[in-house]
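Open your viewer and load the model. This tour tells you what to select at each stop.

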Amino acid sequence: MDLLNVFDYEALARERMDISSWVYYACGADDEVTLRANRNAFERIKLRPRVLVDVSQVEMITTVLGTPLAMPILIAPTALQELAHPEGECEMARGAALAGTLLVVSTSASRSLEEVAAAAGGPLWFQLYITTRPTAQRLVARAEAAGYQGLVLTVDTPRWGNKERAARHPLTRGIHKANFENESEADLPDPSCTWEIIPWLRSLTRLPLILKGILTPEDAQRACDYGVDAIIVSNHGGRQLDGVPATIEVLPEIVEAVAGRCEVYLDGGIRRGTDILKALALGARAVLVGRPPLWGLAVNGAQGVADVLDILRDELEQAMALAGCPRLADIDRSLIRLTHVS
Ligand SMILES: Cc1cc2nc3c(=O)[nH]c(=O)nc-3n(C[C@H](O)[C@H](O)[C@H](O)COP(=O)(O)O)c2cc1C
């Protein structure tokens with residue numbers, strides 16, 4: 001089978017993985033309305049290309065919080081990557097380096113954050129779930145010591161979402177959350193966590209702080225008031241509160257509220273270069289992809305991850321050329337023909 005696009009990797013990964021691992025990656029919460037919305041919303045947005053622009057050179061190197069990247073595409077944190085590959089997050093980190101981009105490593109990784117750092121050849125951020133403050137404090141210190149360059153605090157998980165499809169296919173393989181000695185410690189997010197966690201984290205670390213899981217202008221403004229360095233507009237890939245909008249739908253109002261006070265990224269449903277073009281046009285500095293690199297990892301390890309990212313990069317390059325945007329700076333709101341995104 002020719003692997004021409006990200007959906008081809010999805011189909012092959014599905015064939016290669018056992019059913020419970022596949023469902024764990026694929027599923028969303030409840031009726032999966034938000035999971036579907038993430039995709040559908042991109043399909044509704046239409047582009048306004050400009051013609052007769054010199055696109056003989058298309059350039060997409062960029063930075064996130066000062067870190068140079070080959071493309072405005074990062075790898076989102078996803079748990080338990082050993083379900084896709086025996087070397088899990090270590091192999092994912094090798095793939096990220098091959099592609100010239102940054103990997104966000106999950107608290108719920110199946111390899112310890114130190115093992116991933118040792119395998120990585122490129123920049124890493126550490127994604128933090130607050131379980132208890134002492135545990136969080138230890139993880140932050142370990143991440144900083146291991147050379148992680150950013151701390152991504154996921155804020156949409158006061159509890160885990162209700163993933164019914166996964167509940168019907170419980171994981172058959174016992175995969176260890178390697179950042180914890182005591183497994184029970186890893187499974188209980190702290191539901192009492194509030195905005196006060198931000199100054200507390202700031203008191204622990206000099207790492208830049210990125211909030212992941214913002215869906216309203218109110219919370220985006222609050223995040224800026226608390227001085228975060230970046231936010232990720234995310235609905236956790238449709239895995240937390242079902243019924244929230246597609247991320248691309250709320251991006252414009254959030255970008256407006258932030259008004260340049262911090263960097264804004266987006267994840268959720270990015271599967272094509274044109275999706276990335278739309279997200280950048282609506283004000284994201286970069287996007288993250290969650291499931292597609294997992295499919296690459298399942299199909300062909302680090303090389304599969306790099307191939308999936310290369311496909312997305314090539315598609316973005318193609319979309320930029322056809323839209324008349326040789327540089328990322330040329331991509332703006334005027335590219336979007338849209339009535340329902342305000
Ligand atoms: C299997 C899976 C596991 C995930 N685990 C985490 C996690 O540990 N921490 C986190 O912040 N987000 C997690 N997410 C959410 C992703 O970081 C990201 O927001 C989402 O996958 C983006 O949507 P996409 O998969 O459509 O690209 C997970 C998503 C999936 C699919």
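Predicted model: local features only at pLDDT ≥ 70, side-chain atom pairs only at ≥ 80, totals over all residues.

A contact means heavy atoms within 4.5 Å. Residues are numbered from 1 along each chain as its sequence is written, and side-chain values use heavy atoms, with hydrogens and water left out.

Now colour by secondary structure. You will find 12 helices and 12 strands. These are DSSP runs numbered from the N terminus: helices are H or I with at least four residues, strands are E with at least two. The C-alpha trace spans about 60 × 50 × 40 Å along its principal axes.

Next, colour by burial. Buried means under 20% relative accessible area, exposed over 50%, and partly exposed in between (1.4 Å probe, protein chains only). Of the 342 residues, 58% are buried.

Select helix H9, residues 217-225. Which of its residues are buried? They are Ala220, Ala223 and Cys224. Look down the axis of H9: the buried residues fall within an arc of 100°, so they line one face of the helix. That arc is taken from the directions from the helix axis to the C-beta atoms.

Turn to the other side of H9. Glu218 and Asp225 are exposed there.

Now show what covers the buried residues of H9. The cover includes strand E8 (209-214), strand E9 (230-233) and helix H10 (247-258).

Gly227 takes a positive phi of about 80°.
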